Amino acid sequence: MAFSGDGKDGRELRVYENLDELKVDLVEYIAKLSDAAVKERGTFAIALSGGSVIGLIGALCQAPYRETVDWSVWQVFWADERLVAKDHPDSNYKLAKDGLFSKLKVLVLPSQLHSVNGLLSAEDAAVDYEFVIRQLVRTRLIGVSETSDCPKFDLVLLDMGSDGHVASLFPGHFDPDETEEWVTYITDSPEPPSGRITFTMPVINAAANVAVIATGSDKAEAAHLVIDDAGPECPLPAKMVNPADGKLTWFLDKLAASKLGSCAQSSE
Ligand SMILES: O=C(O)[C@H](O)[C@@H](O)[C@H](O)[C@H](O)COP(=O)(O)O
């Protein structure tokens with residue numbers, strides 16, 4: 001690792017020489033959190049997103065993780081989803097299914113994958129997904145925050161876009177003051193497809209662990225603005241990720257970290 005350290009507000013920054021190093025550490029991080037959640041709660045509620053994430057965690061399907069992770073207790077959700085059919089190339093569910101769960105075969109059953117109904121209208125899909133989550137909070141397959149009534153996912157895995165968006169919370173396209181809803185929707189996403197549903201910021205910030213991943217030089221400016229707290233006035237969505245009772249860990253490759261303040265540039 002090129003750099004590892006605790007930054008402001010208790011967040012941890014991990015900067016890697018290259019993608020291969022990042023992938024190795026990211027899957028180990030997920031496996032450890034899964035083990036810890038299983039010991040503590042007997043279940044592991046993880047929320048995935050789209051973009052590069054699934055490509056970075058493919059090693060979970062291989063040795064040793066295929067054998068050592070207790071897949072039977074995983075409950076998988078999507079922090080955001082595009083409003084398309086589950087077999088559409090734009091579907092985040094399909095991305096995860098093809099890249100991960102179909103390779104794990106019977107280790108993870110379809111009933112453990114809580115996908116979004118992308119065939120509903122945007123509003124209905126958001127209401128429907130929030131209902132699904134509420135049922136599972138009730139049965140404690142998902143934990144509940146001690147300080148709000150929000151679900152407490154064991155891990156929310158986010159991939160930051162080059163504009164500083166996370167999940168499908170895009171700058172200028174989300175309500176930074178949202179407090180009521182757990183899942184919301186947009187019909188004018190700046191990135192296609194235009195219809196998406198997404199966790200709200202209160203749900204992301206109620207998680208026990210949030211990982212934000214940024215790789216590639218196109219993420220460098222947004223990473224600098226967010227991590228170095230360098231403007232703009234209107235906060236980028238990624239800058240609002242700050243779990244109240246949880247831990248925030250950033251995973252960056254050197255390209256994405258190339259504009260960060262000096263401490264994150266030094267080698268160990
Ligand atoms: O459904 C989505 O579009 C994603 O959840 C989105 O938040 C993505 O993760 C970022 O846009 C980064 O994507 P890249 O890694 O491809 O830049």
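Me: Two residues are in contact if their C-beta atoms, placed from the backbone, lie within 7 Å. Which strands do the buried residues of H5 pack against?

Reply: This is a predicted model, in which local features need pLDDT of at least 70, side-chain atom pairs count only at pLDDT 80 or more, and totals for chains, interfaces and linings use all residues. Residue numbers start from 1 along each chain as its sequence is written. Helices (H or I, at least four residues) and strands (E, at least two) are DSSP runs numbered from the N terminus, and a residue is buried if 20 or more other C-beta atoms lie within 10 Å of its own, exposed if 12 or fewer, and partly exposed in between. The buried residues of H5 pack against strand S7 (151-152), strand S9 (183-186) and strand S10 (196-199).

Me: How far apart are the end C-alpha atoms of helix H5?

Reply: Helix H5 has 17 residues, 122-138. The expected span of a helix is 1.5 Å times one less than its number of residues, so H5 should span 24 Å. This agrees with the distance between its end C-alpha atoms, 25 Å.

Me: What arc do the buried residues of H5 cover around the axis?

Reply: The buried residues in H5 are Ala125, Ala126, Tyr129 and Ile133. They are on the same side of H5, because the arc they cover (taken from the directions from the helix axis to the C-beta atoms) is only 100°.

Me: Which exposed residues does the face of H5 turned away from its buried side carry?

Reply: H5 is followed by Arg140, which has a positive phi near 65°. Within H5, the face turned away from the buried side carries exposed residues, namely Phe131, Gln135 and Arg138.

Me: Is Ala167 buried or exposed?

Reply: Ala167 lies in the loop between strand S8 (155-159) and S9. Its phi is positive, near 50°, whereas most residues other than glycine have a negative phi. Because Ala167 has 30 C-beta neighbours inside 10 Å, it counts as buried.

Me: Where is Asp229 found?

Reply: Asp229 also has a positive phi, about 55°, without being a glycine. With 13 other C-beta atoms within 10 Å, Asp229 is partly exposed. It belongs to the loop between helix H7 (220-227) and strand S12 (247-253).

Me: What is omega for the peptide bond from Pro192 to Pro193?

Reply: Pro193 is placed in the loop between S9 and S10. The bond from Pro192 to Pro193 is cis, with omega near -5°.

Me: Which residues does Val203 touch, not counting those up to four places away in sequence?

Reply: Val203 is part of helix H6 (residues 201-204). It is buried, because 26 other C-beta atoms lie within 10 Å. Beyond four places in sequence, Val203 touches Cys150, Pro151 and Trp182.

Me: Which residues touch the most other members of the largest nonpolar core?

Reply: A nonpolar core is a set of buried Ala, Val, Leu, Ile, Met, Phe, Trp, Tyr and Cys residues joined through C-beta atoms within 7 Å. The largest has 79 residues. Leu158 is in contact with residues including Ala79, Val166, Ala167 and Val241. The members that touch the most others are Ala47, Phe153, Val156, Leu158, Ile204 and Val212.

Me: Which of the 13 residues around the ligand come nearest?

Reply: A residue is near a molecule if its C-beta atom, placed from the backbone, lies within 6 Å of it. The shell has 2 nonpolar, 8 polar and 3 charged residues, where Ala, Val, Leu, Ile, Met, Phe, Trp, Tyr, Cys and Pro count as nonpolar, Asp, Glu, Lys and Arg as charged, and the others, Gly among them, as polar. Nearest to the ligand come Ser49, Gly50, Gly51, Ser52 and Asp159.
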